Amino acid sequence: MKSSDIFIALKIIIILLYGVVTLCSCQKKTFNLLEEALTYASENRFELEKVLYHYKDDTLKYKAACFLIENMPGHYSFENTFLLKNYFGELDSVLTMGRTMNYEEIDTLYIREISKYENDFSHKVEDVKFISSEYLIKNIDFAYKVWKEEPWSTHLTFDEFCEYLLPYKVVEGQALDDWREYSLESYNQSLVNLSYCSLYEKSAYAACNIVTENMRQDIFPRIWPVSFPPVKPLRTLLKIPCGTCEEYSIMATAVLRAKGIPCAIDLTPQWPFRNMGHVWNVLLENTGKTSAFEGANTPAGTPHKKDHKMAKVYRMTYAKNKELKRLNEVEKRVPQAFKTPFLKDVTEEYMNTTDIFVRLNEKTECKYAYLSVFNNEEWIPVAWGRREGDGFLFEKVGKDIVYLPVLYASDGIYSLSDPIKVDLTGKKILLTPDTINRQTLKLYRKYPSMPYSYGENLRILGAKIQAAHTANFEDSVTIHTFLNLENEIELKENNQKYRYWRYYSSHYGFVNVAELAFYERDSIYSTIGRVIGTKGSYRREKIYEREAVFDGNLLTFFDAPTPSDSWIGMDFGKPINISRITCIMRGDGNNIETDNEYELFFWSKGCFQSLGKRKTHDVFLSYKDCPTNALFLLRCLTKGKEERIFTYREGKQEWW
């Protein structure tokens with residue numbers, strides 16, 4: 001080290017020691033955190049001390065620098081290698097071409113050109129060990145300037161400034177480039193005009209929505225889980241033709257923070273009623289409240305996933321969560337979601353919550369346990385609970401959800417108790433199977449009806465089952481009118497025999513029947529005749545013509561050539577008496593399907609136990625002698641992946 005550097009280092013040390021006494025940001029506890037970070041920085045310590053020395057005469061900026069350095073251990077980037085630069089160049093080319101492609105074409109292009117780099121992103125470098133003083137000073141000055149000068153950030157306290165504007169990065173792995181300067185000059189249309197309105201001139205809400213709308217019109221966001229490697233400079237990210245909700249949230253956060261608009265990223269690690277989780281943005285309004293929105297897409301305050309129940313919601317932070325830090329220090333095994341300490345529990349901002357206490361039945365060295373929800377295949381931890389006396393306490397969790405408490409011990413993962421059903425009132429019901437009081441299950445689906453399939457099912461309303469003696473149905477009789485979303489109808493009063501039977505839709509709906517079956521009295525098999533009905537289809541593919549209704553495949557359907565006055569049916573060659581009809585509309589293929597093999601399970605003693613395999617010739621499965629108060633799972637062994645846990649009450653499946 002040069003003598004001049006030694007002299008500077010000595011001056012920095014003197015200033016740091018002086019700061020212990022004179023600066024409120026460096027009380028004993030804070031100084032210890034700062035010293036820990038500086039020590040951990042090893043050879044990069046001198047760069048960080050240069051930042052502190054630079055701000056020795058500016059109390060707030062010095063505190064801001066302390067905040068960043070104290071919390072820096074654990075934040076990481078990727079090593080700036082030659083391969084990384086090559087990847088950035090090729091990624092930009094792929095994304096530029098991809099803006100004119102559909103999803104499948106983008107996937108193909110990515111796999112061909114970019115996937116070869118996936119194994120080159122293991123070279124993580126902790127920021128504290130390589131970040132330069134120049135970069136850190138530049139970011140602190142920039143963030144401080146917009147905090148003090150931009151009208152929509154003047155409501156922030158210093159602590160809020162530190163979390164919502166100050167961080168030199170938005171997400172782990174982000175390239176440490178000039179993202180603030182680049183973002184500041186982007187998407188400013190109409191932003192300056194807010195100064196002409198007294199109500200809006202200081203409104204973070206108004207400013208956020210203008211920038212978000214400008215981004216939406218420029219980017220045209222399309223959600224698609226393309227698995228690009230995790231590193232993307234902001235300049236590149238803003239070019240993506242389609243991306244994940246996380247990527248759009250990162251974009252919005254970077255752009256908004258650069259302009260002094262306080263923004264953060266919230267997430268739920270796993271939906272409690274289907275697979276995957278979700279990521280979105282929140283704005284810190286002038287009122288101090290937060291408003292959720294979809295990055296680069298919807299305005300702040302727009303109802304966001306209001307019909308989606310959540311078990312837990314976390315906010316991505318720059319500062320460490322002390323409890324999560326401790327959890328990672330004392331536990332040998334930690335779920336992937338909680339290996340980062342940079343999360344804050346904000347569940348209560350979104351919903352009324354409840355606490356769950358799970359008593360221990362056996363000894364364990366674990367200080368923490370976890371609540372899991374089912375993701376269609378396995379249990380995913382979404383909340384941690386600390387040891388309290390003879391059990392574990394899980395605080396502030398969502399209601400109307402089934403949880404499985406689990407332990408991550410040195411010898412593996414195992415359930416702490418039976419699943420716990422929490423109803424809308426917060427009442428907890430332990431789902432311990434009752435094998436004494438048994439029941440019969442009649443099952444129509446293996447997965448709940450989601451909005452995309454529910455909407456198609458609505459097309460059945462108002463449709464009719466008609467029968468006739470003549471092929472043109474001029475003497476037709478309406479046997480049944482669909483007033484509900486029913487798949488099975490019993491014609492107990494019908495004693496008449498007809499040769500021609502049909503499903504007729506006089507209203508908008510394109511018929512859209514996937515499977516239709518007619519059963520004669522006392523028969524367990526449907527009667528087959530000659531397919532009749534409206535010819536052709538709305539789509540060109542032949543698989544959407546009328547024959548699709550009787551092909552035994554739930555994923556094919558009749559897409560009639562006209563939206564109304566179309567029909568599909570059968571000529572049985574002679575008059576027959578039909579006593580039962582099953583009708584399944586276009587959907588997701590998760591109804592019970594004929595000639596498929598299924599297996600029913602229930603949860604007991606820490607795993608799913610089989611209740612046997614069945615092959616059906618109908619639209620439902622029947623299982624006798626099943627336990628009550630149990631959690632079930634139905635799997636199709638023939639095809640399909642979607643399956644969901646459920647309980648059974650009053651003859652119906654209740655999905656969780």
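View 1. Strands here are DSSP runs of E, at least two residues long, while helices are runs of H or I with at least four residues, and both are numbered from the N terminus. β20 and strand β23 (residues 566-576) pair in the antiparallel sense over seven bridges; to count as a pair, two strands need at least two bridges found by DSSP. β20 also has five bridges to strand β17 (residues 464-468), again antiparallel. Look there for Lys464, whose bridge partner in β20 is Tyr504. Seven of the eight residues of β20 (residues 498-505) are buried, so the rest of the structure largely encloses this strand. (Buried means under 20% relative accessible area, exposed over 50%, and partly exposed in between, with a 1.4 Å probe and protein chains only.)

**About the model.** What you see is a predicted model, where local features need pLDDT of at least 70 and side-chain atom pairs count only at pLDDT 80 or more, while totals for chains, interfaces and linings use all residues. Residues are numbered from 1 along each chain as its sequence is written, and side-chain values use heavy atoms, leaving out hydrogens and water.

**View 2. Five strands make an open sheet in the order β26-β25-β28-β29-β30, with antiparallel pairing.** At the edges you'll find β26 (607-615) and β30 (652-655); each has a single partner strand, so one side of each has no neighbour in the sheet. Inside the sheet, β25 (residues 597-604) and β28 (residues 632-636) pair over five bridges, and Leu600 sits opposite Leu634 in β28.

**View 3. Helix α3 (residues 45-54) packs against helix α7 (residues 133-149) at an angle of about 35°, with axes 8 Å apart.** The axes are lines fitted to C-alpha atoms over the stretch in contact, and angles run from 0 to 180 degrees between N-to-C directions. From α3, the contact uses Glu47, Leu48, Lys50, Val51 and His54, and from α7 Ser133, Leu136, Ile137 and Ile140. (Contact means heavy atoms within 4.5 Å.)

**View 4. Leu136 and Phe161 have the most contacts inside the largest nonpolar core, which has 137 residues.** Such a core is a set of buried Ala, Val, Leu, Ile, Met, Phe, Trp, Tyr and Cys residues joined through side-chain atoms within 4.5 Å. Not counting residues up to four places away in sequence, Leu136 touches Leu48, Val51, Leu68, Ile69, Met72, Ile131 and Tyr168. Apart from this core lies another, of 26 residues, including Trp501, Leu516, Phe518 and Cys583.
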